[in-house]
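The entries below follow the order in which I looked.

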Number of protein chains: 2
Amino acid sequence: MSNPFSFRLTATDGAARAGEIATLHGMVRMPAFMPVGTQAAIKGVHHDEVRASGADIILANTYHLMLRPGAERVAALGGLHEFMHWPYPILTDSGGYQVMSLAPLRKVAEAGVTFRSHLDGAMVELTPERAIDVQILLGSDIAMQLDECVKLPAEKHDIERAMQLSLRWAERCKRAFERAPAGRALFGIVQGGDDPRLREESVRALVGIGFHGYAIGGLAVGEAPEVMRKVVGETAPALPADEPRYLMGVGTPADLLAAVGRGIDMFDCVLPTRNGRHGLAFTRFGPINVKNAHHADDPRPLDAESRCPAARDFSRAYLHHLFKAGESLGGTLLSIVNLFYYQDLMTGARAAIAAGRFADYVAQTEEQWAAKRDVAMS
Amino acid sequence: MSNPFSFRLTATDGAARAGEIATLHGMVRMPAFMPVGTQAAIKGVHHDEVRASGADIILANTYHLMLRPGAERVAALGGLHEFMHWPYPILTDSGGYQVMSLAPLRKVAEAGVTFRSHLDGAMVELTPERAIDVQILLGSDIAMQLDECVKLPAEKHDIERAMQLSLRWAERCKRAFERAPAGRALFGIVQGGDDPRLREESVRALVGIGFHGYAIGGLAVGEAPEVMRKVVGETAPALPADEPRYLMGVGTPADLLAAVGRGIDMFDCVLPTRNGRHGLAFTRFGPINVKNAHHADDPRPLDAESRCPAARDFSRAYLHHLFKAGESLGGTLLSIVNLFYYQDLMTGARAAIAAGRFADYVAQTEEQWAAKRDVAMS
């Protein structure tokens, strides 16, 4: 293949890493934030804006797309890149997490998980092999193994059972992925909840199987932020230095910086778009809820010096009005603002790591967030 | 003032006219279609897309904006252009039509109309003077007189009473508008329902008062399409040739061409965005409802040769999927497609009028719409 999958580390600063992934659909600069396109669309935001924000790669959901419009249909239409007209890299999750969180009924067995579709009630089987087949049909640049994800807090024996099952599924996914066209990548997923020994065992076994990259799963599922940071801090360093590391489903801007500082390279999260739709803007000055009444007469933009036109051009008063009036343009504009901000945060992290001043970058960024409480919210 | 309001006729072809309006915020090429920004936002569409579609001017609703966020607030924030960050021409309606159609309770008297706000139930008074004040506060380039609009069919004496009241309000609006800064325009509104004699009387009296332009109101309110065309065909020629003519709230692409052929210069309508949100695309091949099941596997774009990127880039299958999946991006993309199509229709009309072949243009356009029934919908 012309441009097979590869990862290159370009700089480190303490545990923090900068690097890049090459895929068949282009480069991904890391640390990378992946906007979430659950149903082959980033909610409320035109692809052009997603790209303009600086996103190198997006995530799409296997669970949703296999149910609607269907993986075979997407494949017949030329694959997901062609179908959604996003010619850049795409990572697909395996569907495991959504089966646990969305399907109204499910049964986990050794063979796989059987669940009732939340759309039409049909019973659907998702095995490790089917999860890989679906992702091959979708044509994703980075596929994820099927795993079982346990909500925290949970009993240790439940966490351990799910972790062991996920390891056996990892092996089957690896085998199934041998059918994938060249240039595509498969990531394993570390499970083990908040138990360091289980996490360690999961890492060791996954590395033994061998993947193009490793994700930390089973976090941001109900645990306290400090638990998440502790698990990331213990798990990331145990992963191979020469492979990308992806923290699934995380998180706030502060979570991202904390995880980059602990050696994570990739993130996905619905927060920028979901919070945007609910009126919350992430900015250099911290979060701003434009629905608050005191914005109704505020002619200031969210951030006059932002790279994002929506953050510069529209007043807080206008954004406030759009939300009060129920105009969806409000959610769209704040989603765009947030997608730009998340990318800017990663751009800043990459530059800081390259310059060997990542700790300063985090300190300055957090200081500016805190300072805003006196200024922007006044 | 540097650039006061003026109208210039550049070509005629039969009754059809091409021309342009100069305003303080730029030129408007005519025939012109004005996208509707009811609450200072074109529903679901970013301003950049509205402008890219070719819109020279948009319409905003006085009724909605006076209730929320309030005309005085908008004025304090720099006026509507600044508030919504649309630096191009804006026409505002007077609020009369919305009072009739939206307010849950209203009382029309000589002084004005008193109504209950559909937002908070407060009683609000809208007099001709207040309607003008509000539009001056908003800073609109073209203001409309307050009128009383009667739904058709209606008794002749009701139509006549409303028409006569609208004329007296027209005089009061004209006087109130003397306070407006230079460079702004005020249009009168012809009423008279489907009665040629009443329409004629309304025209004569309005021209006697004297306005910068004349609208035909009280149509697209329940009458048959041929009634609308007949009234337009009888009324437009009676209006001054050297002033712009605006048909309010109309209509379908076919309605627009029919009205241009009868001497109308300006239109506004929610159809492109409303129908777009409901899955209906207006195209050169006629309307296409992407929600229809047969589009689910159709890799073709809506129109591969469209000027609109959304019509070229996205397959019917993808658009179908977005609607099935409830992704608002679907409505946004079709709204953009439709706004581009309406502008293209006007661009084509202007060129055809200038070339003296408007009748051919209409015939060819309608032929292509009809031909589609065999091709695009197959």
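Predicted model: local features only at pLDDT ≥ 70, side-chain atom pairs only at ≥ 80, totals over all residues.

I then traced the whole sheet: it is open, has 3 strands in the order β1-β2-β3 (chain B), and its pairing is antiparallel. The edge positions belong to β1 (6-13) and β3 (26-30) of chain B; each has a single partner strand, so one side of each has no neighbour in the sheet. I noted an average twist of 15 degrees from one strand to the next. Helix α14 (residues 328-354) of chain B packs on this sheet and touches β1, β2 and β3 of chain B. The direction of α14 makes about 65 degrees with that of β1(B).

I picked B:Thr332, which is found in helix α14 of chain B. Is B:Thr332 buried or exposed? Its relative accessible area is 16%, and the cut-off for buried is under 20%, so B:Thr332 counts as buried. Which residues does B:Thr332 contact, leaving aside neighbours within four places in sequence? I found B:Gly44 and B:Val45. I also checked B:Asp297, which is 35 residues from B:Thr332 along the chain; their C-alpha atoms are separated by 21 Å.

I followed the strands β4-β5-β6-β10-β11-β12-β13-β14 (chain A) and found a closed barrel of 8 strands with parallel pairing. Here the twist averages 30 degrees from one strand to the next. I looked up one pair in detail: strand β4 (residues 32-37) of chain A and strand β14 (residues 266-269) of chain A run parallel and are joined by 4 bridges. A:Pro35 has A:Cys269 in β14(A) as its bridge partner.

Entry 4, a hairpin in chain A. Strand β8 (residues 113-116) of chain A is joined to β9(A) by 4 bridges, and the two run antiparallel. A:Phe115 has A:Val124 in β9(A) as its bridge partner. The hairpin has 6 residues between its strands, and A:Gly121 takes a positive phi near 80 degrees. I then went along β9 (residues 123-126) of chain A to see where the side chains point, and they alternate.

Helix α6 (residues 128-138) of chain B packs with helix α7 (residues 156-176) of chain B at an angle of about 40 degrees, the axes being 8 Å apart. The two helices are therefore oblique to each other. I recorded the crossing of α6(B) past α7(B) as right-handed. On the α6(B) side the contact residues are B:Pro128, B:Glu129, B:Ile132 and B:Ile136; they meet B:Trp169, B:Arg172, B:Cys173 and B:Ala176 of α7(B). By class I get 6 nonpolar, no polar and 2 charged residues in this contact.

The axes of helix α9 (residues 225-235) of chain B and helix α10 (residues 253-260) of chain B come within 10 Å and cross at roughly 25 degrees. That makes α9(B) roughly parallel to α10(B). The crossing is again listed as right-handed. B:Met228, B:Arg229 and B:Val232 of α9(B) make the contact with B:Ala254, B:Asp255, B:Ala258 and B:Ala259 of α10(B). The contact of α9(B) with α10(B) divides into 5 nonpolar, no polar and 2 charged residues.

I looked up two cis peptide bonds. A:Val250 and A:Gly251 are joined by one, with omega about 5 degrees; A:Gly251 is in the loop between β13 (245-247) and α10 (253-260) of chain A. The bond from B:Arg68 to B:Pro69 is also cis, with omega near 10 degrees, and B:Pro69 lies in the loop between α2 (62-67) and α3 (71-76) of chain B.

A:Ala40 has phi near 65 degrees and sits in the loop between β4 and α1 (47-52) of chain A. A:Ala40 is buried, with a relative accessible area of 0%. A:Ala220 has a positive phi of about 55 degrees and is in the loop between β12 (213-216) and α9 (225-235) of chain A. With a relative accessible area of 37%, A:Ala220 is partly exposed.

Key: Residues numbered from 1 in each chain as written. Chains lettered and ligands numbered in written order. Heavy atoms only, no water. Axes fitted to C-alpha atoms, helices over the stretch in contact; angles between N-to-C directions. Parallel < 35°, antiparallel > 145°, perpendicular 65-115°, else oblique. Left-handed = near helix turned anticlockwise from the far one by under 90°. Contact = heavy atoms within 4.5 Å. Nonpolar A, V, L, I, M, F, W, Y, C, P; charged D, E, K, R; others polar. Pairing = 2+ DSSP bridges. Buried < 20%, exposed > 50% of the residue type's maximum accessible area, 1.4 Å probe, protein only.
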